[in-house]
Amino acid sequence: MPRIRPSTFRKALAIDKALPFLLPECRSIAAAKQELQWIKQECHTKRQVFEFCKLRRNHYPLQYLLKSQPFGPLDISCKRGVLIPRWETEEWTMDLAQRLVSNSELRLVDLCTGSGCIALLMKHLRPKLTVNAFDCSPLAISLASQNAQKLNIHVQLGLQNILDDSAAAALPDFDIITCNPPYIPHSTFVKETSTSVKLYEPKLALLGSFEFYENLVKTWLSKTDAFVYEVGELSQCTYVQNKIAQDSILSKLWRVGFKFDSNHRIRVVYGYKQANTTVDWSKIFQDFGELKH
Ligand SMILES: C[S@@+](CC[C@H](N)C(=O)[O-])C[C@H]1O[C@@H](n2cnc3c(N)ncnc32)[C@H](O)[C@@H]1O
């Protein structure tokens, strides 16, 4: 990443004394000015503006300072200890919701719900859905519940370790599962994850490799007709594809596809049952991504 020129810092200083603090994270004067405007709207005193800007210089996430992040048409409250919703997740969630007909009375469960962003957006855009959402973090469930209340969106939230097989066994069946699990392998986290994420976002929400995809095939597939799981790497998609393809029963029942995001990075592995379902999933998922099995 190119270093910021001293002349850019001087220019920023001449505009506003707080602006240079924002340059390391924002990289350009235009972006820093926009961020300063948001910070000023949130703060009551000049001193607080400076404190916020200094936190930004130390890579503190803007969303934790401003206490929210837009997610589709929703404004999702954010709090330290719970993952900040990402545009990549928003993108596939919007796409999925738009594919479900507006009056479909399907049962959706959102696993690893965090702030509740996926569950709340799905229910907001498709109010006839029945939505359950689970997370093992009390902080996440508490924030998701605050978000549901603030936005007046009815979803059923529960504290649950979704890797625990007995958790799934105790639940009724669903039509579709959505999940954005922790999926960053430790080595990638150390080498490639940004300082801001490393320092301030919860590792419980980030670190993982194949365990949630293994758990999908072993446990949650039997409870649903369709699934959409976010991934960080192609190997996580092929893991699910291979596990289904190599099983004589699952391979006949399921189709599996991969979806890229608009930044051309692999983002989702999805699947649906080919027959005996309440809706025609092949129509819903047509051109959602690329079918591989
Ligand atoms: C990548 S975050 C996704 C949060 C939210 N769905 C989003 O897209 O912003 C993963 C979430 O999984 C939760 N989590 C981690 N391990 C879990 C487990 N074993 N059972 C349930 N939730 C878990 C974390 O607390 C975190 O909220």
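The centres of domain 1 and domain 2, taken over C-alpha atoms, are 35 Å apart. Domain 1 covers 6-58 and domain 2 covers 71-291, with bounds that come from an automatic or database domain assignment. Before I go on, a word on the source: this is a predicted model, where local features need pLDDT of at least 70, side-chain atom pairs count only at pLDDT 80 or more, and totals for chains, interfaces and linings use all residues. Residues are numbered from 1 along each chain as its sequence is written, and side-chain values use heavy atoms, with hydrogens and water left out.

Let's start with helix α3, residues 29-42. Helices here are DSSP runs of H or I with at least four residues, strands are runs of E with at least two, and both are numbered from the N terminus. How far apart are the end C-alpha atoms of α3? They are 20 Å apart, which agrees with the 20 Å that its 14 residues should span at 1.5 Å a residue; the expected span is 1.5 Å times one less than the number of residues.

Which residues of α3 are buried? They are Ile29, Ala32, Glu35, Leu36 and Ile39, where buried means under 20% relative accessible area, exposed over 50%, and partly exposed in between, with a 1.4 Å probe and protein chains only. An α-helix has 3.6 residues a turn, so residues three or four places apart point the same way. On the face of α3 turned away from the buried side sit the exposed residues Ala30 and Gln41. The cover over the buried residues includes α1 (6-15), α2 (19-26), α4 (46-57) and α5 (62-66).

That brings us to Tyr64, which lies in helix α5. Tyr64 is buried, at 7% relative accessible area. Beyond its neighbours within four places in sequence, Tyr64 is in contact (heavy atoms within 4.5 Å) with residues including Cys78, Arg80, Leu83, Tyr200 and Pro202.

Now the strands. β1 (residues 68-71) and β2 (residues 74-77) run antiparallel and are joined by four bridges; two strands pair if DSSP finds at least two bridges between them. Phe71 stands opposite Leu74 in β2. The hairpin has two residues between its strands, and Gly72 takes a positive phi near 60 degrees there.

There is also an open sheet of eight strands with mixed pairing, in the order β5-β4-β3-β6-β7-β9-β8-β10. Its edge strands, β5 (156-159) and β10 (290-291), each pair on one side only. Within the sheet, β9 (residues 266-273) is joined antiparallel to β8 (residues 254-260) by seven bridges, and to β7 (residues 226-230), also antiparallel, by five. In β9, Tyr272 is the bridge partner of Arg255, and Gly271 is that of Phe227. Eight of the eight residues of β9 are buried. The hairpin of β8 and β9 has five residues between the strands, with His264 at a positive phi near 65 degrees.
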